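Trainee: I have a model open on my screen, and I'd like to learn how to read the way its pieces pack. Can you walk me through it?

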Amino acid sequence: MKIIISGSFGHIGSFIIEKLQNDKRFKSITLIDNFQTQRFTSYLKLKKSKFQLIDQNINHLNFKLLNENYDFFIHLAAITNAAESFRIKELIHKNNFGGTKKVVDFCKRKKIPLIFPSSTSVYGKKFSIINSSNNMSNLFAQSPYAKTKIDEEKYIKKKLKKFIILRLGTIVGVSDGMRFHTAVNKFCFQTSLNQPLTIWRKFYHKKRPYLTLNDFYKCFNFIIKNRYFSNETLDVVTKNYTVKEIISFIENFKKTKKKFVNTEILNQNSYEVISDKLINLGIKFDKDIKKDILKTLKLL
Ligand SMILES: NC(=O)c1ccc[n+]([C@@H]2O[C@H](COP(=O)([O-])OP(=O)(O)OC[C@H]3O[C@@H](n4cnc5c(N)ncnc54)[C@H](O)[C@@H]3O)[C@@H](O)[C@H]2O)c1
């Protein structure tokens with residue numbers, strides 16, 4: 001197979017490329033990343049033979065240079081800090097929607113299937129449990145980042161004949177390009193530095209969806225193995241947890257300091273998401289996220 005991965009050196013991308021480098025199914029892998037987050041580690045570790053690197057902003061890339069017959073495109077390049085997106089609304093839209101538009105137009109022209117990672121942060125009108133039968137009726141963008149995801153999903157559905165959209169829970173787990181602004185990783189990082197964890201009191205007992213890197217990879221593998229480009233939008237979640245539960249997992253390994261605040265930290269609602277479609281397709285999700293928390297703490 002010949003494939004293209006954008007955003008290849010980020011939290012998810014670096015996990016995938018490490019797996020793919022010894023996978024004989026893949027003959028040639030084109031990586032696009034402009035290193036805007038400076039995560040060079042996974043690139044330095046890569047066996048270069050089957051990878052071609054395009055070190056460019058996807059918005060400025062001349063797609064005519066990509067002239068092979070590719071089997072699919074996984075588009076991970078994005079600015080991904082939801083909390084920060086309130087401050088950089090326009091930049092997020094320009095970078096993320098602009099990049100996705102170019103990728104979609106390229107996939108359409110070349111008739112290449114697209115795997116697009118959306119986010120469960122597109123949900124959350126009020127407390128709700130989302131499953132495949134109601135996953136289009138609970139949309140409520142909680143940040144400019146999530147609003148852009150909804151716009152990108154709409155564009156993909158309008159333009160492409162072969163795609164799969166995966167609404168991912170917040171990623172948990174270790175990779176070379178991992179980042180620490182997301183919930184669990186941030187708590188692990190602060191705990192390892194002996195810093196207090198800032199917790200919005202009202203949110204302490206509210207649930208949100210999380211996804212291990214390992215479970216993401218299982219879904220990715222299922223899609224490419226079965227060429228499951230069914231033009232669907234699928235929820236991908238290992239399990240839903242309250243902040244209290246996550247902190248108690250961390251405390252199994254290391255003592256934390258907690259600082260409760262009454263001011264809302266992010267415009268967050270509580271909701272639970274179930275990956276029922278993928279489970280019905282036979283994917284066995286991890287039991288919980290404890291192993292990933294332990295690995296993250298050990299790394300730190
Ligand atoms: N990590 C999560 O918790 C999570 C949850 C839901 C959805 N997602 C989505 O999955 C995808 C990958 O997430 P991640 O956590 O690996 O992100 P990340 O921030 O760790 O990595 C994104 C990568 O994209 C690159 N990039 C950004 N803009 C670019 C551009 N214009 N041109 C070229 N490269 C560019 C960055 O340099 C970085 O290496 C994103 O679309 C994200 O929104 C992630």
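Mentor: "Meet" here means that the C-beta atoms, placed from the backbone, lie within 7 Å. Helices (H or I, at least four residues) and strands (E, at least two) are DSSP runs, numbered from the N terminus. Ala, Val, Leu, Ile, Met, Phe, Trp, Tyr, Cys and Pro count as nonpolar, Asp, Glu, Lys and Arg as charged, and the others, Gly among them, as polar.

Mentor: Two housekeeping points. Residues are numbered from 1 along each chain as its sequence is written. And this is a predicted model: local features need pLDDT of at least 70, side-chain atom pairs count only at pLDDT 80 or more, while totals for chains, interfaces and linings use all residues.

Trainee: How do I describe the geometry of a helix pair?

Mentor: Two packed helices are described by the angle between their axes and the distance between the axes. For helix H1 (residues 11-20) and H6, the axes come within 11 Å and cross at roughly 60 degrees. That angle makes H1 oblique to H6. The axes are lines fitted to C-alpha atoms, for helices over the stretch in contact, and angles run from 0 to 180 degrees between N-to-C directions. Under 35 degrees counts as roughly parallel, over 145 as roughly antiparallel, 65 to 115 as roughly perpendicular and the rest as oblique.

Trainee: What is the handedness of the crossing of H1 and H6?

Mentor: Right-handed. A crossing is left-handed if the near helix is turned anticlockwise from the far one by less than a right angle, and right-handed if clockwise.

Trainee: Which residues does H5 use to contact H9?

Mentor: H5 brings Val184, Asn185, Cys188 and Ser192, and H9 brings Ile293, Thr296 and Leu297. Sorted by class, that gives four nonpolar, three polar and no charged. The axes of helix H5 (residues 183-192) and helix H9 (residues 290-299) come within 9 Å, crossing at roughly 40 degrees, and the crossing is right-handed.

Trainee: What about H5 and H7: at what angle do they pack?

Mentor: About 40 degrees, with the axes of H5 and helix H7 (residues 243-251) 11 Å apart. That makes H5 oblique to H7. Val184, Phe187, Cys188 and Thr191 of H5 contact Ile246, Ile247 and Ile250 of H7, a set with six nonpolar, one polar and no charged residues.

Trainee: Zooming out, which domains does the chain have?

Mentor: Domain bounds come from an automatic or database domain assignment. Here it gives domain 1 (2-172 + 211-238) and domain 2 (183-208 + 240-299). Their centres, taken over C-alpha atoms, are 23 Å apart. The contact takes 27 residues from domain 1 and 24 residues from domain 2. On the domain 1 side, the elements giving two or more residues are strand E6 (128-130), strand E8 (170-172), helix H6 (213-226) and strand E11 (233-236). The largest share, five residues, comes from H6.

Trainee: And how many helices and strands are there in the chain?

Mentor: Nine helices and 14 strands. The C-alpha trace spans about 55 × 40 × 40 Å along its principal axes.

Terms used: Two residues are in contact if their C-beta atoms, placed from the backbone, lie within 7 Å.
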